[in-house]
Amino acid sequence: MCAWEQVDPRPGWGYARAMSETRHKSGAPWRNFYGRFKAKGLRGSQQAYLDEDLPHLSSGPVDWEENPDRTPLDLAALFGERDVWLEVGFGGGEHLVHQAEANPDVGLIGCEPFINGVAMLLGKLRQSDATNVRVHPGDARDLFDVLPDGSISKAFLLYPDPWPKARHHRRRFVTPEHLEPLHRVLKPGAEFRVATDIPDYVRQTLEEVPKAGFDWLAERPGDWREPWDDWLSTRYEQKALREGRVPHYLTFRRV
Ligand SMILES: C[S@@+](CC[C@H](N)C(=O)[O-])C[C@H]1O[C@@H](n2cnc3c(N)ncnc32)[C@H](O)[C@@H]1O
């Protein structure tokens, strides 16, 4: 079950709901996060991936406890002179690994707070030759704080949590709280891809993303009905297709 399907998020289920307008002891702002950090228990092998692989695949000090001054990450130390791409909410990591394998001359940062998903990514990376992936196992907003301005050449937001109820639309990623810092960390001219199967998410994306300083690049219906040439269908997309929902592929350029 996904976070937005849950009617009664309760502490102890891995849900965190924080008050706004105040701060943690570490200095971190309280940021409402309604998703899941963890679901069922991890298999022994998955716990081993987290313990053994995550430290050396880390994107660097992102959390407030380890980086209270919010010192920008040293991306050159991670990737040298390579372009850096970002995938927000990579789920099980299949698309991230696919892009990393197809683009060895690029560095990729994946960000995902759901630790079971992070473990799945690490399992896939063990089976892959890709060495150009780094991981932030947490909220994209904390990562945005410490990414240098104009440092990311391409960003992917693939099947973000849909939050279908009208009163929950402000929890969606396509809101100024996320789009403004995303705009800041993207290079001018950078591509921003959004995939969603929810018509009302398309509506909100087409309203909010241009307002945040992006051009929508579609010129004909095929541009949003057909996937990108280098697309790999994600787990969530497969579920949407099985349930009869229609994918939309929206491509923006940061102005
Ligand atoms: C519907 S799932 C889609 C996963 C994957 N992209 C796919 O297509 O299969 C949305 C994902 O976004 C993640 N997510 C939600 N809020 C996030 C945030 N603030 N920062 C990063 N990821 C987030 C969730 O944990 C979840 O894994």
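What you're looking at is a predicted model, where local features need pLDDT of at least 70, side-chain atom pairs count only at pLDDT 80 or more, and totals for chains, interfaces and linings use all residues. Residues are numbered from 1 along each chain as its sequence is written.

Let's start at the ligand. It is surrounded by 22 residues, and Gly89, Gly91, Ala140, Thr234 and Tyr236 are the closest; a residue is near if its C-beta atom, placed from the backbone, lies within 6 Å. Helices here are DSSP runs of H or I with at least four residues, strands are E runs with at least two, and both are numbered from the N terminus. Sorted by class, the shell holds 11 nonpolar, 5 polar and 6 charged residues. In that scheme Ala, Val, Leu, Ile, Met, Phe, Trp, Tyr, Cys and Pro are nonpolar, Asp, Glu, Lys and Arg are charged, and the others, Gly among them, are polar.

Now for the strands, which pair if DSSP finds at least two bridges between them. β5 and β7 (residues 248–254) run antiparallel, joined by 6 bridges, and Phe192 sits opposite Phe252 in β7. β7 also pairs with β6 (residues 214–216), again antiparallel, over 3 bridges. There, Trp216 has Phe252 as its bridge partner.

Beyond its neighbours within four places in sequence, Ala155 is in contact (C-beta atoms, placed from the backbone, within 7 Å) with Leu86, Val88, Leu182, Leu186, Ala190 and Phe192.

Finally, some loops. Most residues other than glycine have a negative phi. Trp163, in the loop between β4 (152–158) and α6 (176–185), has a positive phi of about 40°. Is Trp163 buried or exposed? Trp163 counts as buried because 21 other C-beta atoms lie within 10 Å; the cut-offs are 20 or more for buried, 12 or fewer for exposed, and partly exposed in between, with C-beta atoms placed from the backbone. Arg70 has a positive phi of about 60°, and is partly exposed, with 13 other C-beta atoms within 10 Å.

Conventions. Two residues are in contact if their C-beta atoms, placed from the backbone, lie within 7 Å.
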